[in-house]
Amino acid sequence: MSDQEHTHFGYEKVKVEDKSQRVAGVFHSVAAKYDVMNDLMSGGVHRLWKRVTIENAAVRPGHRVLDIAGGTGDLTAQFSRLVGKQGRVVLADINSSMLSVGRDKLLDRGLAGNIDFVQADAQKLPFPDNHFDCITIAFGLRNVTDKDEALRSMHRVLKPGGRLLVLEFSKPKSQALEKIYDTYSFRLLPFMGKLVANDADSYRYLAESIRMHPDQETLKQMVLDAGFERCDYYNMTGGIVALHKALKA
Ligand SMILES: C[S@@+](CC[C@H](N)C(=O)[O-])C[C@H]1O[C@@H](n2cnc3c(N)ncnc32)[C@H](O)[C@@H]1O
């Protein structure tokens, strides 16, 4: 089989058509404990990474925002407050379990009045051209089988002048940090996953998928190749996470 027929699921080489099922298995499995594990694994720092993303989104009352791969809705909750009654936020995710945890959480917070919950694949977004003022994808892109197709799809549904924000794990800037981070992710993460969620495999996938994801400069080029302009990125926590920001002309 040629390489075009294969992709990566973590470190494992799998057939392209099998990847989304494997990813679905991970997120069906982690959905119920996703929020608890996020806080535990990052020591709460994911909240800071997400806050920086919100600050860079420049979302205003009346805006239409798409939070693709939105999962349990951390970004959507903030956007819902910012766009107000005249605006709209779409929380879209391919996975029904993650969506339903997200919907319950936001309903419990009394936030769902201006939010639509849509099951959708980032590669084939079911929205009109030039529709959203802002699109975010947080910790989602590395799970998508064809990232280039997903970025092109986001470009299509973003309005001219609109903003794309990609928050994702990336490559640490120093070797010392990379070493500590490797030990943490390949030893501690699966152990915590086993202890708290009884699911070491999903958290091993998490660590592996992070290592397989394009680094800062490669992702920047992919964003530009998809048609976006003025792409820039900000490293956070020493490059463990990067926020890529781009515009549609
Ligand atoms: C690590 S979670 C991130 C959730 C949320 N954005 C956050 O930051 O907490 C990754 C999410 O990506 C979703 N996902 C994976 N592949 C996808 C795809 N092709 N299209 C849309 N969502 C996808 C998963 O179902 C999961 O909810």
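**View 1. Strands E8 and E9 form an antiparallel pair.** Strand E8 (residues 229–236) and strand E9 (residues 241–247) are joined by six bridges; two strands count as paired if DSSP finds at least two bridges between them. Helices (H or I, at least four residues) and strands (E, at least two) are DSSP runs, numbered from the N terminus. Look for Glu229, whose bridge partner in E9 is Leu247. Four residues lie between the strands of this hairpin, and Thr237 takes a positive phi near 45° there. A word on the model, which is predicted: local features need pLDDT of at least 70, side-chain atom pairs count only at pLDDT 80 or more, and totals for chains, interfaces and linings use all residues. Residues are numbered from 1 along each chain as its sequence is written, and side-chain values use heavy atoms, with hydrogens and water left out.

**View 2. Strand E4 pairs with E3 and with E5.** Strand E3 (residues 64–68) runs parallel to E4, with five bridges joining them; here Asp67 has Leu91 of E4 as its bridge partner. Five bridges also link E4 to strand E5 (residues 115–119), again in the parallel sense, and Val90 stands opposite Asp116 in E5. Five of the six residues of E4 (residues 88–93) are buried, so the strand is largely enclosed by the rest of the structure. Buried means under 20% relative accessible area, with a 1.4 Å probe and protein chains only.

**View 3. Helices H4 and H5 each belong to a right-handed β-α-β unit.** One unit consists of E3, helix H4 (residues 74–83) and E4. The other is made of E4, helix H5 (residues 96–108) and E5. A crossover is right-handed if, with the strands pointing away from the viewer, the path from the first strand over the helix to the second runs clockwise.

**View 4. Backbone atoms of Ala69, Ala122 and Ala138 face ligand nitrogen.** For Ala69, a backbone N or O atom lies 2.8 Å from a nitrogen atom of the ligand. A polar backbone atom of Ala122 is 2.9 Å from a ligand nitrogen, and a backbone N or O atom of Ala138 lies 2.9 Å from one. Taken alone, the ligand exposes 600 Å², and the protein buries 96% of that; these accessible areas come from the Shrake-Rupley method with a 1.4 Å probe.

Methods
Polar contact = N/O pair within 3.5 Å; in protein donor to acceptor, adjacent residues only side chain to side chain. Buried < 20%, exposed > 50% of the residue type's maximum accessible area, 1.4 Å probe, protein only.
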